[in-house]
Amino acid sequence: MDLAEIEKTPLQTWQQRGVSTDNIPDLLKRTSNWIVWKSFTQKPCGKFDKVPISVASGFKISPHDHTNHLSFELAFDAYQSGIGDGIGFVIDGQPITETEEGIPLYLIGVDLDNIAVTVQSTEKAKQICQTIGSYYEISPSGRGLRIFALSDSLVGKRQSAFGEMYPNKQFLTVTGHGKKRAIIEATDALQALEKQWWPQPPKPVSGLLNLANLYKCYHDTPRQRAELHDILSFISADCTYEQYRDVVWGILDTNWPDAEEIARKWCETAPERFDESNFFAVVGSYNPNHSNPVTVGTLFHLAKLGGRNV
């Protein structure tokens, strides 16, 4: 192998491979929800961002503004002309087709990252692809898989510890690097996966008091607000989903009147990761009556791991 090949970054490798149109399903091609994306930032680990841009100006745009959406032909022609690094499709939560009986069907996107890290992760990804049975392709990084499937309901709660499932408000890159396959209806498989990835929290045991709520030890004082601010400065918001969730829940455990706003400001310190819908989903899933709740103590622990001296 040529040394230049070995030294290529993941973005350079993707730019060489490029979009392959032959296997992109016709359902996507005939729907004008396309955008062009460009990478502006590469991380040391090799990851690169994918920012929607205007094909006219090259500036960043909102993928959720319908006036920015293009036909497949316009998006691909702009990409081929050198505008941007790839193309993507915006999932907007609107029906994309219907059954023979006239039942609306929604497009659902499933993301599986780092599928080749272990034998187990590879086998799990294969199992999910086979169970859903719809079109899937390799991501631009070459390290993940994306599945597009149809559902008669909006299923999926965005990010989880196991994978990502998007029913709306999300643009997803499209590479065409997959076998030619149709996008099919897979409601049952998607709902089963949703229950597995986002299990319902256990109900509190009847008759037991939640002592964490009854005896709040982290009082709302200027001193402890300053301490919390210092603690959060040692915890990166560009982290795993589990840590992201636990920090938000730990902040909510203060029971301060502006706890949600404090959590949001911490999340926004990683702007490329921040997703408003996912943030509200995490906040909504907070359960102070959980039998083993995340507390403020979790924040102290994570800050210590981040280098804070206790």
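Predicted model: local features only at pLDDT ≥ 70, side-chain atom pairs only at ≥ 80, totals over all residues.
Q: Why does N255 count as exposed?
A: Exposed means over 50% relative accessible area. N255 has 58% relative accessibility, so N255 counts as exposed.

Q: Why is T254 called buried?
A: The cut-off for buried is under 20% relative accessible area. T254 has 3%, so the label holds. T254 lies in the loop between α9 and α10.

Q: What makes the pair of T254 and the backbone oxygen of I251 a polar contact?
A: The distance decides, together with the atom types. The limit is 3.5 Å between N or O atoms, one able to donate a hydrogen and the other to accept it. The backbone oxygen of I251 lies 2.7 Å from a polar atom of the T254 side chain.

Q: How do you know whether R158 is buried or exposed?
A: Compare the area with the limits: under 20% is buried, over 50% is exposed. R158 has a relative accessible area of 5%, so R158 is buried. R158 belongs to strand β8, residues 158–159. R158 is not a glycine, yet its phi is positive, about 70°.

Q: What makes β1 and β3 a pair?
A: Two strands pair if DSSP finds at least two bridges between them. β1 (residues 34–38) and β3 (residues 86–91) have four bridges, in the antiparallel sense.

Q: What is the order of strands in the open sheet?
A: The order is β2-β1-β3-β10, with antiparallel pairing. β2 (51–53) and β10 (170–174) have a single partner strand each, so one side of each has no neighbour in the sheet. From one strand to the next, the twist averages 50°.

Q: How do you know that the buried residues of α8 lie on the same side?
A: Those residues of helix α8 (residues 222–232) are Q224, L228, I231 and L232. They cover an arc of only 90° around the axis, which puts them on the same side of α8. An α-helix has 3.6 residues a turn, so residues three or four places apart point the same way. The face turned away from the buried side of α8 carries the exposed residues P222, R223 and H229.

Q: What covers the buried residues of α8?
A: The cover includes α9 (241–252), α10 (259–267) and α12 (296–305).

Q: Which residues have the most contacts inside the largest nonpolar core?
A: They are V110, L112, I132, M165, V248, I251 and W266, in a core of 50 residues. α9 gives the most to this core, with seven residues. Another core lies apart from it, with 33 residues, among them V36, F89, F171 and I183.

Q: What is L112 in contact with, leaving aside its neighbours within four places in sequence?
A: L112 is in contact with A125, I128, G144, L145, I147 and W197.

Note on methods:
Residues numbered from 1 in each chain as written. Heavy atoms only, no water. Helix = DSSP H or I, 4+ residues; strand = E, 2+ residues; numbered from the N terminus. Axes fitted to C-alpha atoms, helices over the stretch in contact; angles between N-to-C directions. Buried < 20%, exposed > 50% of the residue type's maximum accessible area, 1.4 Å probe, protein only. Arc of directions from axis to C-beta. Contact = heavy atoms within 4.5 Å. Core = buried A, V, L, I, M, F, W, Y, C linked by side-chain atoms within 4.5 Å.
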